[in-house]
Amino acid sequence: MKSEQQQKGVTKTVKKVKVNKKAPVRLWVKAVFTGFRRSKVQQNEKQALLKIQHVDDVSSSRFYWGKRVAYIYKAHSLKNNTKFRTIWGRVSRSHGSNGIVIARFNRNLPPRAIGSTLRVFLYPNRA
Amino acid sequence: MPAKKRTTRIGNWYKSDDEKVHFVRKRKAPRPSQLRKISPGQVLILLAGRFQGKRVVLLKQLKSGLLLVTGPFKINGVPLKRVNQAYVIPTSTKVDIKGVDASKIEDEYFKRTEAQRRKNEKGFWAKRGELTEEQQVAEKKRLDEKRKTQKSIDDALVSTIKKTQLLKQYLGARFSIGKTTRPHDLVF
């Protein structure tokens, strides 16, 4: 199902700053980056394994296919008026039978991200 | 002198003009994307952007395929807005939009004007960004027109919304994922 991508730009490089200071609103699901897809002695850095919170089986993980994922980290220098930087990617497929999911990023995730929380957004909504 | 032998073959087909024709679409206008389980009057949850989490009312689908939504502005601060279908969760709540006339609003309503584009100029081009007298007047007029259109659409909507219990509060509240919410299990 193709939808027009007119309004939303394809590349987002700035961490979204919430304007509403009243109540924080979370529209993303927490996911832990557990490591790269790998065998015992070899790993594929192109494929990141994500453990999405509360997702325990393959049928649940299907909801997240195609959803965009962001790894947000801080750097020292300012870029685009912010010290936060992101690496964007998408959930591409499931992995195993326990709800782990493989995500591919525009640039591969740095290994120091292993164990950190990534944000799995609810868009694009495939309904 | 014997005639020179032709070293290259002449084909049977000659191009009538030398210009290269770039890829030409057979279909002139883009076909608006199919609405998936969404119908006008439905309450949608915006997933991204400044108004993420806000619940808005769908008015119609524009020719470009984007959805035209409104807060209504008085209820949750969301103005008339275009939204992509993929960046929205449809809910089962429906609002009756019989009295609402959004037929005049199309994609041109959202087009950036020259004055708007120039407004954000900085530094070297800042001079160019300063609006002339006429431009300022035109801008003010344009904004007043926008407020009027917003009001005319919202007034009919708000009166319908007030009839349903708690609908106004529902539209004013934002959707958020809590500690135990499982979006894959949620039925909207």
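User: In what order do the strands of the open sheet in chain B lie?

Analyst: This is a predicted model, in which local features need pLDDT of at least 70 and side-chain atom pairs count only at pLDDT 80 or more, while totals for chains, interfaces and linings use all residues. Residues are numbered from 1 along each chain as its sequence is written, chains are lettered from A and ligands numbered from 1 in the order in which they are written, and side-chain values use heavy atoms, without hydrogens and water. Strands are DSSP runs (E, at least two residues) numbered from the N terminus, and two of them pair if DSSP finds at least two bridges between them. The open sheet of chain B has 5 strands with antiparallel pairing, in the order S4-S3-S2-S1-S5.

User: Which strands stand at the edges of that sheet in chain B?

Analyst: An edge strand here has a single partner strand, so one side of it is left without a neighbour in the sheet. For S5(B), strand S1 (residues 42-46) of chain B pairs with it in the antiparallel sense over 4 bridges, and B:Leu46 stands opposite B:Val88. The edge strands of chain B are S4 (81-83) and S5 (88-94).

User: In what order do the strands of the barrel in chain A follow one another?

Analyst: The barrel is closed by 6 strands of chain A, and their pairing is antiparallel. The order is S1-S2-S5-S4-S3-S6.

User: Which residue is the bridge partner of A:Lys51 in S5(A)?

Analyst: Strand S2 (residues 43-52) of chain A is joined to S5(A) by 4 antiparallel bridges. Strand S4 (residues 82-95) of chain A pairs with S5 (residues 100-105) over 6 bridges, where A:His95 has A:Ile100 as its bridge partner. For A:Lys51, the bridge partner in S5(A) is A:Ile100.

User: Why is S5(A) largely enclosed by the rest of the structure?

Analyst: Buried means under 20% relative accessible area (1.4 Å probe, protein chains only). S5(A) is largely enclosed because the number of its 6 residues that are buried is 5.

User: Which residue in the turn between S4(A) and S5(A) has a positive phi?

Analyst: S4(A) and S5(A) form a hairpin with 4 residues between them. The positive phi, about 75°, belongs to A:Gly96.

User: Which residues line the second largest cavity?

Analyst: A cavity is a set of points on a 1 Å grid over the protein atoms alone where a 1.4 Å probe fits but cannot get out, and lining residues have an atom within 4 Å of a point. The second largest cavity holds about 30 Å³ of space. Its lining consists of A:Asn125, A:Ala127, B:Arg36, B:Ile38, B:Gln85, B:Val88 and B:Pro90.

Terms used:
Buried means under 20% relative accessible area, exposed over 50%, partly exposed in between (1.4 Å probe, protein chains only). On a 1 Å grid over the protein atoms alone, a cavity is a set of points where a 1.4 Å probe fits but cannot get out, and a pocket is an open set with protein on both sides within 12 Å along at least five of seven lines; lining residues have an atom within 4 Å of a point. Grid points are joined across faces, edges and corners, and a volume is the space filled by probe spheres set on the points.
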